[in-house]
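This report examines selected local and overall features of one protein model. The structure is displayed below.

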Amino acid sequence: MLLRTLLLLLLAGTAHWLNAQQNTPIPVTVRLATHGSVVFKPAPSAGEAKQFGLQSSDATLVRQLENRNGLLIYTPEAAKGKEHALFTVGLLKNHRLDMQLAKSEVRFEEIDNAVTGSITSGNVIVTGGKAHVSLQLQSGDITVRQSQWRGSAMTQKGNILLEDSTLLGAQRLLSTFT
């Protein structure tokens with residue numbers, strides 16, 4: 001019985017690893033009701049396997065669930081509204097990021113993924129990458145540097161700075177362009 005259980009666990013892990021290696025888009029859903037900083041960047045390699053998902057975090061404030069349908073990074077009910085330390089999310093090229101964040105400072109470093117989402121308040125900094133994006137901020141600044149991101153970014157209250165990033169359509173409601 002124990003051997004059968006171990007074999008099933010091994011097969012399930014292998015199936016997920018193989019799925020992550022294919023080009024099929026895998027959803028990465030991020031739902032945070034905590035406050036703090038988040039960095040999204042390409043997953044580091046550890047030998048031949050990629051280490052993706054939550055790279056560092058306090059498990060009482062931010063958790064990760066993984067199944068064959070994708071990856072969920074979320075705030076447990078008891079942690080809502082609390083402050084979390086900086087953490088990193090590693091993304092594979094075939095990950096499709098969908099995020100809804102409360103008050104957060106967010107950095108995207110060399111991301112080539114599809115990115116959709118909204119942030120209640122906080123600043124966003126994008127450096128490099130070739131992502132397709134649809135991003136909305138209720139309040140906060142958006143800075144995009146040396147990026148080939150395509151799509152749109154909008155802030156209702158804040159500034160938008162595009163440096164060497166002419167492919168991104170930026171909109172503001174109560175903001176100024178620089």
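## Glu110 and its loop

Glu110 is found in the loop between strand S9 (95-109) and strand S10 (114-121); helices (H or I, at least four residues) and strands (E, at least two) are DSSP runs, numbered from the N terminus. Although Glu110 is not a glycine, its phi is positive, at about 55°. Its relative accessible area of 46% makes Glu110 partly exposed, where buried means under 20%, exposed over 50% and partly exposed in between (1.4 Å probe, protein chains only).

## Basis of the model

The model is predicted: local features need pLDDT of at least 70, side-chain atom pairs count only at pLDDT 80 or more, and totals for chains, interfaces and linings use all residues. Residues are numbered from 1 along each chain as its sequence is written, and side-chain values use heavy atoms, with hydrogens and water left out.

Thr143 belongs to strand S13 (residues 142-145) and counts as buried because its relative accessibility is 13%. Apart from neighbours within four places in sequence, Thr143 contacts Val124, Ile125, Val126 and Leu161, a contact being heavy atoms within 4.5 Å.

Gln146 lies in the loop between S13 and strand S14 (150-155). Gln146, a residue other than glycine, has a positive phi near 45°. With a relative accessible area of 57%, Gln146 is exposed.

## The chain as a whole

The protein chain contains one helix and 17 strands. Of its 178 residues, 38% are buried. Among contacts with a separation of 6 or more, 39% join residues 24 or more positions apart.
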